[in-house]
Amino acid sequence: MQLHELVNTLGQDLKRRHGEKIHKLSIHGAFTCPNRDGTLGRGGCTFCNVSSFADESAQQLSVVAQLHARRDEVTRARRYLAYFQAYTSTYAEVAYLKRMYEEALSVSDMVGLCVGTRPDCVPDAVLDLLAGYQQQGYEVWLELGLQSASDQTLRRINRGHGYDSYADAVRRAHLRGIKVCTHLIVGLPGECAMDSVQTLRQVVDTGVEGIKLHPLHVVAGSILGKAWQAGRLEVPTLEEYVAAAIAMIQQTPPEVVYHRVSASARRPTLLAPAWCENRWTAMSLIAEGLSQSGPQGQGVGRPFLPTSQ
């Protein structure tokens with residue numbers, strides 16, 4: 001069976017609601033991050049190097065130019081979501097954000113926005129702005145980078161916020177009817193599969209409409225990259241990641257939408273694990289495992305029993 005037959009994927013969710021395929025177009029809004037510019041800290045989160053997933057040269061182009069370029073690369077869709085992906089895409093004055101978001105929405109065939117940000121960077125004024133677009137009929141997703149529900153882990157990876165900040169951001173977004181997609185990393189230092197499942201359960205209990213899973217990428221230019229090069233960091237194996245992802249998906253209520261169940265990074269930026277160079281490897285194994293043991297929601301309400309490695 002294919003993944004979308006076992007998991008409530010974003011692609012299928014959008015197609016059901018819009019009547020056709022909708023494609024996300026990633027753009028760079030030239031934002032920065034309070035964990036890099038000195039407001040909270042410098043150097044960023046220990047896992048972070050934006051060039052591993054975003055084209056840094058794209059920020060030299062306008063939002064419209066980026067969207068036109070991305071749209072020309074897509075052949076299987078005619079309508080799109082503008083995805084502000086790099087850094088913290090709510091970390092600016094509201095007037096600037098309004099100009100950026102509306103520039104994106106001015107492009108024809110754009111059905112809405114996905115805005116990636118940190119839980120501690122979504123003041124009420126920004127949420128009101130996003131809610132306004134939703135009231136106009138646009139699709140709006142607030143994508144919050146949480147990574148882990150463990151405050152100990154969040155301190156370890158130099159995140160600069162705790163779970164309470166995330167829960168507060170979700171509460172205020174939901175008061176305005178804004179959908180939240182939460183980013184989670186599997187394989188963070190000091191965490192095992194049980195910790196990842198506990199994070200998933202806590203996120204679900206807090207309330208969430210979407211989940212995005214990432215395996216830990218060790219990338220050049222990051223603090224973890226230096227630790228790995230020095231032999232001080234273990235990375236998740238493909239088998240470990242697949243087992244954790246399957247358990248998390250099965251513990252997720254069927255109505256929650258999975259925006260992603262794996263991810264990849266480009267070499268030479270990617271240092272480890274090597275299998276992260278191709279996200280399809282993990283995705284096919286996740287689909288295979290779910291087809292054998294049960295689809296999304298299969299394990300809701302049941303205890304998680306980790307398999308021995």
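Arg 172 is buried, with a relative accessible area of 13% (buried means under 20%, exposed over 50%, partly exposed in between, using a 1.4 Å probe and protein chains only). This is a predicted model, where local features need pLDDT of at least 70, side-chain atom pairs count only at pLDDT 80 or more, and totals for chains, interfaces and linings use all residues. Residues are numbered from 1 along each chain as its sequence is written, and side-chain values use heavy atoms, leaving out hydrogens and water.

The side chain of Arg 172 meets that of Asp 124 in a salt bridge at 2.8 Å, N to O (a side-chain nitrogen of Lys or Arg within 4 Å of a carboxyl oxygen of Asp or Glu). Asp 124 is partly exposed at 36%.

Arg 176 sits in the loop between H6 and strand E5, 52 residues from Asp 124, and is partly exposed at 23%. Zoom out and you get a salt-bridge network of Asp 124, Asp 128, Asp 168, Arg 171, Arg 172 and Arg 176. The structure holds 16 salt bridges.

## A buried pair between strands

Lys 179 and Glu 139 form another salt bridge, at 2.8 Å, N to O. Lys 179 is in strand E5 and Glu 139 in strand E4 (residues 139-147), 40 residues apart. Both residues are buried.

Conventions:
Helices (H or I, at least four residues) and strands (E, at least two) are DSSP runs, numbered from the N terminus.
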